[in-house]
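Subject: Handover of a structure model

Dear colleague,

Please find the structure below, together with its sequence.

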Amino acid sequence: MFVVDAFKYKNPAYVYFLSHFHADHYTGINKNWPSGAIHCSQITARLLISQLEVPPELVVALPLNQRIDLGNDCYVRFMDANHCPGAVVLLFDLPAESDSHNGRRRIVHCGDFRYHPSMKEWEGWGEDPPGVVEEVMLDTTYCNARFKFPTQDVVTSAIGKLIAERCAEDTSHSADGASHCRQKTLVVIATYTIGKEKVLLEVSRSLNNISIVVTQEKKAILEQLDLPYIDIFSTDIGASNVHVVSWGKLGEMAPGGWRFLPNWSFCGEFFDWVNSLIVDPDDRYTRFIGVVPTGWTHDFQKRYGTGALYHEQTKPNQPTDSPSFQTYEVPYSEHSNFEELRLFIEFLKPARVTPTVVPKAGNPTKFSNMFRDLVDSRRSHAKGIQGLFGSKVNRMMLSHLARVLS
Ligand SMILES: [Zn+2]
């Protein structure tokens, strides 16, 4: 039996897969992991060993795109999930109980993914027509028509432009002209342990390839991600005015996930700390800009339109002569929006869609029904998968299933 992202179910008979290195998916794995080999991408394998101290002999690093023989006439292929580095969509190719489709059945487990049209061209779909996919286990994080955030390219270039404009407003020049510009704006970007690197790259580009300041711990992780632009990251706090902090530091979503609440005390403490390291008072920062890339932007998009590319909040009640603090939510998502989910299912035409992210007290059938017009109902009677629903994460009850019967 193959199990994806469900490590609390321990059974020596299971063959485990980890779609990517985000905590809500690897819950249950630790250095004392007892239950057999974990199959994953090469980047995820490195992180399992270095961050969670899983014994290397229990980690099986598999290449992208290639058909991997799992024994007993079962195969799997990994497609880049366009989520965080190392994240994969898993395509299982298994024997079927009937002779249709050459006696094979295919199961797609999306892990977490951001659909991109190029996925339709993926060589891994092979020579078979897309219609042979029996079931798609879908990343339904944003499975609602109200989620209409733009493409990553649109958002990253908007962020780069915004940061460049804001920084240009506050750059001070020395007496001899523009030759010595002193940046007066401190830019702080929140990211997960891994993920959102494309935002950091674009901000660097927009400021003439400036360094991005990260902690030693973050740099050690970034170095394992095969990033062609690893050189932009620096652990020298004075290297630039753009710094990265952990996700959640700049603020959090209000209960329900609709409104971002900035953590002004953290912003102030971080600002003071960075300024305390600058010897010349004239060189200290006078403005703080926090950037929070997230798909949970429905609230401000509802107010300002789905084309809104950022939402600015200014710290209230600040005296005019004191530093200014602002945060910007930007609708950058590494999960698919609703339209993209529909495009992916329209392409694959599976017999069934099974949601892997279901809100607490939510009904999985409600999510499956959102794709009812796109599935191939003639095959919907096919037998195959049984799901396990379980792990609680933050405000959501996530069910990163799945059991695949083999
Ligand atoms: Zn993820």
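The coordinates are those of a predicted model. The buried residues of helix α5 are covered by several elements, including α4, β12 (185–191), β13 (212–213), β15 (242–246) and β18 (287–293). The buried positions of α5 are E197, V199, L200, E202, V203, S204 and S206. Because 7 of the 10 residues of α5 are buried, this helix is largely enclosed by the rest of the structure. Just after α5, N208 adopts a positive phi of about 55 degrees.

The packing of α5 against α4 can be described in more detail. Helix α4 spans residues 152–169 and helix α5 residues 197–206; their axes come within 8 Å and cross at roughly 40 degrees. The two helices are therefore oblique to each other, and α4 passes α5 in a right-handed crossing. On the α4 side, the contact is made by Q152, T156, S157, I159, G160, K161, I163 and A164, which meet K198, V199, E202, V203, R205 and S206 of α5. An α-helix has 3.6 residues a turn, so residues three or four places apart point the same way.

Strand β9 (residues 133–138) pairs with β21 in the parallel sense over 4 bridges, and E135 stands opposite R352 of β21.

Is D93 buried or exposed? It has 20 C-beta neighbours inside 10 Å, and D93 therefore counts as buried. Leaving aside neighbours within four places in sequence, D93 is in contact with Y75, R104 and R106. D93 and R77 are 16 residues apart in sequence, and their C-alpha atoms are 8.3 Å apart in space.

Strands β2 (residues 15–17) and β3 (residues 38–41) run parallel and are joined by 2 bridges, with Y16 standing opposite I38 of β3. Strand β3 is in turn joined to β4 (residues 59–62) by 4 bridges, again in a parallel arrangement. Here I38 stands opposite V59 of β4.

Finally, some totals for the protein chain. The chain contains 10 helices and 25 strands. Of its 406 residues, 40% count as buried. Among contacts with a separation of 6 or more, 64% are between residues 24 or more positions apart.

Kind regards

Terms used:
Residues are numbered from 1 along each chain as its sequence is written. This is a predicted model: local features need pLDDT of at least 70, side-chain atom pairs count only at pLDDT 80 or more; totals for chains, interfaces and linings use all residues. Axes are lines fitted to C-alpha atoms, for helices over the stretch in contact, and angles run from 0 to 180 degrees between N-to-C directions. Angles under 35 degrees count as roughly parallel, over 145 as roughly antiparallel, 65 to 115 as roughly perpendicular and the rest as oblique. A crossing is left-handed if the near helix is turned anticlockwise from the far one by less than a right angle, and right-handed if clockwise. Two residues are in contact if their C-beta atoms, placed from the backbone, lie within 7 Å. A residue is buried if 20 or more other C-beta atoms lie within 10 Å of its own, exposed if 12 or fewer, and partly exposed in between; C-beta atoms are placed from the backbone. Two strands pair if DSSP finds at least two bridges between them.
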